[in-house]
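Subject: Structure handover

Hello,

Here is the structure for your files. My notes on what was found in it follow below.

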Amino acid sequence: MIQLPYIIKKWYKMFNSKNLNGILGCYREDAVLLSTFGENIKSGREPMIPYFTDLFSKEQLSVKFNPSFVVEKMDCAMVMNGYYYFSYKENDEIVKIKARYTFVIENNLIITQHSSVVPKS
């Protein structure tokens, strides 16, 4: 079974502990984020701050990775694709959202992340 890359394990831990500086440190300084819950492309760590600050304000926020994912290693980078599940409390109810992702990793930092909600069928 393929293991989650180190930086993704760290991202997961920082996300679930709502550690803003920790999660920003998972991204390269000039990384690109196409986020699950945001409308705009964020280029660089600074534009990610309001996105994660807002997201981390949600009660009982968590993310869980689906155990099935694909990691492709190349000479200079690694690409990881799969699904994860976000949950948080809103209006006294737990909201669960399935999303798909692509992480591009270079030198143990995320250089690109694309995430989008899976449409309901």
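The radius of gyration of the protein chain is 14 Å, and a compact globule of 121 residues would have one near 14 Å, so the two agree. That radius is taken over C-alpha atoms, and the globule rule is 2.2 Å times the number of residues to the power 0.38. Along the principal axes, the C-alpha atoms fill a box of roughly 45 × 35 × 25 Å.

Two notes on the basis of these values. This is a predicted model, in which local features need pLDDT of at least 70 and side-chain atom pairs count only at pLDDT 80 or more, while totals for chains, interfaces and linings use all residues. Residues are numbered from 1 along each chain as its sequence is written, and side-chain values use heavy atoms, with hydrogens and water left out.

Overall make-up

The protein chain has three helices and six strands, in the order α-α-β-β-α-β-β-β-β from the N terminus. Helices (H or I, at least four residues) and strands (E, at least two) are DSSP runs, numbered from the N terminus.

Of the 121 residues, 40% count as buried. Buried means under 20% relative accessible area, exposed over 50%, and partly exposed in between (1.4 Å probe, protein chains only). The accessible surface comes to about 7,300 Å², and carbon and sulfur atoms hold 50% of that; the areas come from the Shrake-Rupley method with a 1.4 Å probe, and for residues only the protein chains shown count as cover.

Among contacts with a separation of 6 or more, 47% join residues 24 or more positions apart. A contact means heavy atoms within 4.5 Å.

There are 15 positive and 12 negative side chains, and the centres of the two sets lie 7 Å apart. Lys and Arg count as positive and Asp and Glu as negative, with His and the chain ends not counted; each charge is placed at NZ of Lys, CZ of Arg, CG of Asp or CD of Glu.

Helix 1 covers residues 6-16, and Ile7, Ile8, Trp11, Met14 and Phe15 are buried in it. These five lie on the same side of helix 1, because they cover an arc of only 125 degrees around the axis. The arc is that of the directions from the helix axis to the C-beta atoms. Tyr6 and Lys13 are exposed, on the face turned away from the buried side.

Lys18 lies in the loop between helix 1 and helix 2 (20-24). Its phi is near 55 degrees, a positive value in a residue other than glycine. Lys18 is partly exposed, at 31% relative accessible area.

Residues in the strands

Gln113 sits in strand 6 (residues 109-117) and is buried, with a relative accessible area of 3%. Leaving out residues up to four places away in sequence, Gln113 touches Trp11, Tyr27, Val32, Leu33, Leu34, Tyr84, Thr102 and Phe103.

Tyr84 belongs to strand 4 (residues 78-90) and is buried at 0% relative accessibility. Its C-alpha atom is separated by 5.5 Å from that of Ala99, 15 residues apart along the chain.

Strand 3 (residues 59-73) holds Ser62, which counts as buried at 18% relative accessibility. With residues up to four places away in sequence not counted, Ser62 touches Phe15, Asn16, Tyr85, Phe86 and Ser87. Gln60 is also found in strand 3; Gln60 has a positive phi of about 55 degrees and is not a glycine.

Regards
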